[in-house]
Amino acid sequence: MAVPVQVVHLGIGLMTAVLAVPLMLRKVPMNYWYGVRTRTAFASEENWYAVNAHGGKVLLLFGLLLAGFALATWSAAPPPQSPWAPVYVGAPLLGLVPVLWRIRRFGASLPGRS
């Protein structure tokens, strides 16, 4: 049985939002597994928390918007077997491009950038 495409967006959106909260609240210490891992973030502990707090806010917004998109288009989404299903799944995920760009741009404004 195929997973309905709406569930994919809802799941990714909610998971992104949940994982963003500890970053936003500066609860995640510097590590190589969880968080925004860029050279600028690793330049100092202050940068780590600043980049991850900003990234957490942006990712929380993206996650909530993605989950909202899933709920708003629930009845209009194509069935999993449709050739349009990959478009429905992939197109909203392109929203990650400006999210990642914004996080990177914020990091570039911090000291210790290399």
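Let me start with terms: helices (H or I, at least four residues) and strands (E, at least two) are DSSP runs, numbered from the N terminus. What you see is a predicted model, in which local features need pLDDT of at least 70 and side-chain atom pairs count only at pLDDT 80 or more, while totals for chains, interfaces and linings use all residues. Residues are numbered from 1 along each chain as its sequence is written, and side-chain values use heavy atoms, with hydrogens and water left out.

Now the core, by which I mean a set of buried Ala, Val, Leu, Ile, Met, Phe, Trp, Tyr and Cys residues joined through side-chain atoms within 4.5 Å, where buried is under 20% relative accessible area, exposed is over 50%, and partly exposed lies in between, with a 1.4 Å probe and protein chains only. The largest nonpolar core has 18 residues, and those with the most contacts inside it are Trp48, Val51, Leu59, Val99 and Ile103. Helix 1, helix 3 and helix 5 (96-108) each supply at least two of its residues, with the largest share, 9 residues, coming from helix 3. Another core, of 5 residues, lies apart from this one and includes Val5, Ala77, Ala85 and Val89.

Finally, the loop between helix 1 and helix 2 (39-42) holds Arg26, which is partly exposed, with a relative accessible area of 46%. Although Arg26 is not a glycine, it has a positive phi of about 60 degrees. For context, most residues other than glycine have a negative phi.
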